[in-house]
Amino acid sequence: MATVRLALSGMHCANCAASIEKALNDAGGVQSARVNFGDESAAIDYDDAATSVEALIDVVAQAGYRASLPADLDAEKQELKRTREIASQRRLFITGAVLSAVIIALSMFMDFAGRGIVLLLLGTVVQVVLGAQFYRNSYAALRRLTTNMDVLVALGSSAAYLYSVAVVLIAPGRPVYFDTAAMILTFISLGRFLELRARGQTSAALVALLDLAPKTANLLREGEEVRVPVEDLAVDDEFIVRPGEQIATDGVIVSGASAIDESMITGESVPVARTEGDEVIGATINREGALRVKATRVGSETALRQIVGLVKQAQGSKPAIQRLADQAAAIFVPSIIALAVVTFLLWGVLGQGDAPWTSAMLHATAVLLIACPCALGLATPTAVMVGTGLGARHGILVRDAAAIEVLGRLDTVVLDKTGTLTQGAVRVTDIIPVGGMSEDDVLRLAASAEGPSEHPLARAIVAAHEGPTGSPDEFTAIPGRGVECRLDGQTVLVGTVGLLEERGVDVGDLEAERTRLQGEGKTVSAVAVGGKGVGVIGLLDTLRPEAAETIRQLKDLGLSVMMITGDNETTARAIAAEAGIEEVLAEVAPADKEREIARLSESGRTVAMVGDGINDAPALARADVGIAIGTGTDVAMQAGEVTLVSGDLRGIVRAAVLGRKTLAHIRQNLFFAFGYNVAAIPLAAAGLLSPAIAAGAMAASSVSVVTNSLRLRGTRIDAGR
């Protein structure tokens with residue numbers, strides 16, 4: 001057995017991915033095939049004695065799509081390929097729009113000899129240039145005895161076009177419908193362009209993730225430091241990491257101690273103390289002391305690369321959202337074809353007059369025209385375009401129709417803690433003096449001692465003090481523990497209670513306050529001067545001001561709300577209680593976040609994940625819809641289908657309301673689109689509608705759909721509206 005990954009192109013919906021997957025699984029020698037619509041690839045397990053990679057590529061080609069090796073192009077090349085596809089679809093739409101405008105002008109406002117021939121030539125150009133992609137995909141679908149939207153588009157535009165060609169060549173003077181055929185292809189090409197552009201943007205998450213990896217490392221070679229590309233590192237190589245530098249790859253500390261900023265991976269806002277023997281994660285930032293690290297994982301095995309893999313896997317494992325129009329097409333298209341054939345035969349055999357077969361052709365054409373998918377194709381894109389515009393005015397960026405639809409069906413919202421529910425930066429919340437010193441004196445003393453330090457806790461203490469501070473002498477930073485200095489002739493310690501104990505300070509008066517503050521989920525810095533404990537300072541990543549209101553409004557909408565975090569249980573419970581959240585998942589690693597979201601989805605819930613950090617990216621991609629906080633990382637915003645630009649959590653409520661109202665308009669549009677067909681198709685089959693009236697009814701259906709979509713512009717999306 002062998003496994004191969006193929007790069008795919010030409011897919012534009014989940015049905016395309018399903019069609020390729022079915023074709024591959026039906027091929028001889030294939031054990032299993034899994035098509036990833038998110039990154040446009042197929043993973044195939046096959047018997048290399050029974051088939052070959054070339055044969056598998058040919059299977060994809062016969063299904064109407066394209067496959068090639070290698071699939072593992074770097075992210076930049078994949079992005080370039082998608083950019084070219086989007087540009088190509090944009091050119092097709094612009095070409096169709098220009099030619100359609102000319103055709104409509106000639107049809108409605110001009111009358112001259114030879115007009116029919118001019119219309120025929122222009123209509124043929126549109127049919128060939130814009131229609132080629134729909135004809136190819138329709139042919140591939142019909143070969144597999146299936147139908148899709150491309151079949152509807154090809155049938156509708158071809159009926160209008162071929163009838164018009166017949167009129168121009170056989171019966172000049174009758175009405176022609178080149179404008180109808182051209183507009184069908186133009187409108188659908190516009191929808192295809194918008195969808196392709198939205199889908200292509202998801203791959204940018206992988207580019208952003210990979211860009212976070214350090215490019216070089218300070219490799220130790222025969223006792224000398226050598227600057228080398230990270231790709232040259234091997235397992236067991238040792239390298240140096242200075243303060244402020246990124247750790248080149250996953251490893252274990254051989255010597256040194258420091259505080260490591262792991263927020264990009266874990267979401268934890270406070271740097272973590274690491275010393276000899278501790279593991280460190282590649283791409284995280286060394287904040288304090290110099291480290292000597294031995295590489296334990298390199299290349300694709302690193303934590304960052306694993307997260308990239310999780311994002312790709314999660315994008316491919318999203319539940320396929322079948323649009324209502326596509327679901328109906330499976331029954332609608334063959335039914336219309338059958339009805340048109342029956343209409344043609346009945347009128348040809350039983351019709352009266354001099355030319356019964358001519359009447360039969362007209363009546364059958366009327367059936368196909370009234371079933372034209374123009375309104376059906378507009379039903380979702382127009383509502384989505386208006387809905388996304390409405391969302392943008394409220395600071396909600398929605399990528400595609402699938403996200404809108406999921407927002408409309410949402411029943412569960414899962415929020416990350418750090419940087420999402422909370423501010424993302426620690427602040428001083430408590431100053432508790434002991435031994436007679438005032439709060440101001442304790443804070444001034446701590447701020448003076450912490451002045452030279454770059455540690456985030458130190459910066460928070462300095463920022464909390466508004467007055468002048470002293471200038472410490474003999475300053476020493478103790479990585480992961482605190483600082484020690486001389487101030488006004490006395491030794492000052494600021495840091496953990498353990499540090500004070502090591503220096504012989506009696507911490508008995510501090511212990512009770514330390515325990516109480518830690519029970520509230522706060523980080524504690526103890527302060528001592530002259531060998532005596534004088535107070536403790538509590539610090540906390542505080543809740544966003546609008547968080548509690550947002551949670552209440554989400555619950556008012558009938559949504560279940562959960563919090564998920566890599567933080568410890570005590571802190572997580574304290575923040576959740578303040579926000580009004582009962583369900584909490586704490587101490588969850590990045591990979592486990594993705595698994596927890598998958599578990600919720602697989603239990604039947606429709607889940608939105610809300611996050612802001614790199615560690616949230618796999619979960620954002622795995623959720624039914626990912627909502628990224630706009631003030632967070634670019635990776636989170638690329639992995640999520642929805643971005644709240646301002647970072648205001650109340651945008652989650654507006655997004656949910658927007659989804660519900662947009663989905664309602666989509667359903668109304670589909671009713672209008674099918675309503676005309678249901679009412680008029682029997683009339684067309686009975687010979688009571690001419691092709692002109694059928695085309696007019698089709699146009700009226702389109703107008704109704706567009707008008708209904710435009711109504712959405714004035715909709716309020718505040719909670720409860």
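## Helix 16 meets helix 17

In this predicted model, helix 16 (residues 439–450) and helix 17 (residues 456–464) have axes that come within 8 Å and cross at roughly 130°. Angles from 65 to 115 degrees count as roughly perpendicular and those over 145 as roughly antiparallel, so helix 16 and helix 17 are oblique to each other. Their crossing is left-handed.

Which residues make the contact? From helix 16 come Leu443, Ala446, Ala447 and Glu450, and from helix 17 come Ala458, Arg459, Ile461, Val462 and Ala464. Sorted by class, that contact holds 7 nonpolar residues, 2 charged ones and no polar ones.

## Following helix 25

Now turn to helix 25, which runs over residues 650–685. With 36 residues at 1.5 Å a residue, helix 25 should span 52 Å, and its end C-alpha atoms are 53 Å apart, which agrees.

Where does helix 25 bend? The bend is at Ala679, by about 30°, and a proline, Pro682, follows within four residues. Just after helix 25 you will find Gly687, with a positive phi of about 80°.

## Helix 20 alongside helix 25

Helix 25 also packs with helix 20 (residues 547–556), at an angle of about 20° and with the axes 8 Å apart. Angles under 35 degrees count as roughly parallel, so helix 20 and helix 25 are roughly parallel to each other. Helix 20 passes helix 25 in a left-handed crossing.

Here Glu549, Thr550, Gln553 and Leu554 of helix 20 meet Arg650, Ile652 and Val653 of helix 25. This contact has 3 nonpolar, 2 polar and 2 charged residues.

Note on methods. Residues numbered from 1 in each chain as written. Predicted model: local features only at pLDDT ≥ 70, side-chain atom pairs only at ≥ 80, totals over all residues. Heavy atoms only, no water. Axes fitted to C-alpha atoms, helices over the stretch in contact; angles between N-to-C directions. Helix = DSSP H or I, 4+ residues; strand = E, 2+ residues; numbered from the N terminus. Left-handed = near helix turned anticlockwise from the far one by under 90°. Contact = heavy atoms within 4.5 Å. Nonpolar A, V, L, I, M, F, W, Y, C, P; charged D, E, K, R; others polar. Expected span 1.5 Å × (residues − 1). Bend = angle between axes of the 7 residues up to and from the residue.
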